[in-house]
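Subject: Handover of a structure

Dear colleague,

Please find below the structure that I am passing on to you. My notes on what was found in it follow directly after.

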Amino acid sequence: MASLLADIVFVAIGGATGAVCRYGIQQSTPVLFDKHHYTLAINLIGCFAIGVIWAILNVVNAPAWLSRLLIAGFLGGFTTFSTFALDAFALIQTGRAFQSALYVGSSVIGGILLCALGLKLTGKIINTITLAG
């Protein structure tokens with residue numbers, strides 16, 4: 001029971017921090033684009049970050065609590081699937097179905113590619129450091 005409670009605390013702390021960071025980015029950037037552009041950028045950053053973090057956590061054999069804090073918590077709070085879905089639907093409702101399709105495609109394909117890029121780049125950097133050391 002204590003372990004489950006500790007996991008919940010780590011996820012909650014990470015999630016609250018990630019959500020506040022997302023909100024801060026959305027509020028501090030000038031309004032140059034539609035709202036869905038900011039959601040796309042945040043989600044793509046999160047996809048790259050999860051690749052980097054996952055690669056590092058695996059190499060250093062990090063404790064499970066750190067994964068819960070950073071991946072389930074922080075990145076879970078930072079990125080947002082529900083806002084993505086609402087933004088895509090709002091674009092369709094306002095007669096911008098093609099923009100919605102581009103947004104959905106960019107989010108899904110871009111997210112997978114950036115996650116893979118984060119994993120691969122971090123792996124190469126770690127291998128280079130390991131070989132040099």
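Phe84 is buried in this predicted model, with a relative accessible area of 9%; buried means under 20% relative accessible area, exposed over 50% and partly exposed in between, with a 1.4 Å probe and protein chains only. Phe81, by contrast, counts as exposed, at 64% relative accessibility. Both residues belong to helix 4 (residues 81-93), where they sit three residues apart, about one turn of the helix. Helices (H or I, at least four residues) and strands (E, at least two) are DSSP runs, numbered from the N terminus.

The model is predicted, and local features need pLDDT of at least 70, side-chain atom pairs count only at pLDDT 80 or more, and totals for chains, interfaces and linings use all residues. Residues are numbered from 1 along each chain as its sequence is written, and side-chain values use heavy atoms, with hydrogens and water left out.

Aromatic pairs

A pair of aromatic rings is described by the distance of the centres and the angle of the planes. Rings of Phe, Tyr and Trp (its six-membered ring) pair if their centres lie within 6.5 Å; planes under 30 degrees apart count as stacked, over 60 as edge-to-face and the rest as tilted. The count by this rule is four aromatic pairs. One of them is stacked: Phe74 and Phe78, at 5.8 Å centre to centre and with 10 degrees between the planes. These two residues lie in helix 3 (residues 64-78), four residues apart, about one turn of the helix. Phe74 is partly exposed, its relative accessible area being 22%, whereas Phe78 is buried at 6%. Phe81 and Phe84 also form a pair, which is tilted, with 5.4 Å centre to centre and 45 degrees between the planes.

The chain as a whole

The chain has five helices and zero strands, giving the pattern α-α-α-α-α along the sequence. Its C-alpha trace spans about 55 × 40 × 25 Å along the principal axes. Of the 133 residues in the chain, 29% are buried. Among contacts (heavy atoms within 4.5 Å) between residues at least 6 apart in sequence, 73% join residues at least 24 apart.

Yours sincerely
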